[in-house]
Amino acid sequence: MARTAATAAPRRAVRLTKLSSRKLATEQRYDANIDRILRAAASVFAEKSFGLASIRDIATRARISFPRIYYYLRNKEELLYLISKRAFEELMRRAEDRLRGASDADTQLRQFILSHLEYHMGNLAEMKVLVREADSLGAHYAAEIARLKRDYSRMLRRILEELARKRGRELDREQSRILTSLVFGAMNWFYTWYEPARDFEQRSRIMDEVYRLAASAVAGR
């Protein structure tokens with residue numbers, strides 16, 4: 001009896017390991033399919049707009065059957081919400097990583113702009129959707145995205161306020177809000193004119209110019 005129990009435990013452990021590996025592989029496939037669907041949806045929304053795009057368009061672009069797409073997502077609005085949520089979370093993660101090693105406000109401003117525009121250049125469809133379709137979400141989803149947007153905006157706002165203090169100036173609440181909005185406006189309008197074939201080699205210069213615009217606006221207060 002003792003021998004049977006001793007040999008059963010390793011067999012059970014092997015079975016659990018196999019089940020765990022199988023579950024992990026299933027989860028990875030699920031995540032990969034979600035990623036493919038969200039990228040396809042961003043591309044379709046960027047081309048056609050949220051209002052004109054259909055789930056069938058997205059399923060075709062993602063190379064997934066029309067009925068099966070509903071296994072992963074409930075509706076078109078959820079797709080827009082997840083694209084926006086993922087974009088803001090990735091923007092914040094990248095900015096936090098960049099700012100962690102930045103010791104002063106000038107460097108932080110450069111790093112924030114670099115982080116934002118690097119994401120923008122690599123995800124033009126997602127950024128176009130994020131900027132253009134902000135008012136297309138229903139109240140529940142819109143509130144969550146608005147919270148993420150505020151959190152991200154505060155990161156830049158704090159940097160601009162600190163940069164002003166470093167230069168012997170103090171921004172009042174409205175100046176801080178307006179300057180933050182203007183800097184984001186310069187960066188977020190990027191998708192309307194950026195052409196990778198023409199502008200990719202100029203990316204460092206583009207980032208430098210955005211930094212100069214932001215820094216000079218603070219310095220001129």
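Which residue forms a salt bridge with Lys48? In this predicted model, the partner of Lys48 is Asp57. The closest N and O atoms of the pair are 3.1 Å apart. Asp57 has a relative accessible area of 24% and is partly exposed. Lys48 has a relative accessibility of 38% and is also partly exposed, because that class covers values between the 20% limit for buried and the 50% limit for exposed.

A search of the whole structure finds 26 salt bridges. Side chains of opposite charge can pair when their charged atoms come close. Glu118 belongs to helix H5, which spans residues 105–122, and Arg98 belongs to helix H4. Glu118 is partly exposed, at 33% relative accessibility. Arg98 is partly exposed too, with a relative accessible area of 30%.

A further salt bridge joins the side chains of Arg198 and Asp199, again at 2.8 Å from N to O. Here the accessibility classes are as follows. Arg198 counts as exposed, at 52% relative accessibility. Asp199 is buried, with a relative accessible area of 8%, because buried means under 20%. Salt bridges can also share partners. Glu90, Arg93, Arg94, Asp97 and Arg100 are joined in this way into one network.

The empty space in the model was examined next. Rolling a probe the size of a water molecule over the atoms shows where empty space is left. The largest pocket holds about 680 Å³ of space. Its lining is made up of 26 residues. Closest to the pocket centre are Phe88, Lys149, Arg150, Ser153 and Phe184.

At least two lining residues come from each of helix H4 (76–100), helix H6 (124–132), helix H7 (139–166) and helix H8 (173–188). Helix H7 gives the most, with nine residues. By class, the lining of the largest pocket has 13 nonpolar residues, seven polar residues and six charged residues.

Definitions and conventions: Residues numbered from 1 in each chain as written. Predicted model: local features only at pLDDT ≥ 70, side-chain atom pairs only at ≥ 80, totals over all residues. Heavy atoms only, no water. 1 Å grid on protein atoms, 1.4 Å probe; cavity = no way out; pocket = protein on both sides within 12 Å on 5 of 7 lines; lining within 4 Å. Points joined across faces, edges and corners; volume = space filled by probe spheres on them. Helix = DSSP H or I, 4+ residues; strand = E, 2+ residues; numbered from the N terminus. Nonpolar A, V, L, I, M, F, W, Y, C, P; charged D, E, K, R; others polar. Salt bridge = Lys/Arg side-chain N within 4 Å of Asp/Glu carboxyl O. Buried < 20%, exposed > 50% of the residue type's maximum accessible area, 1.4 Å probe, protein only.
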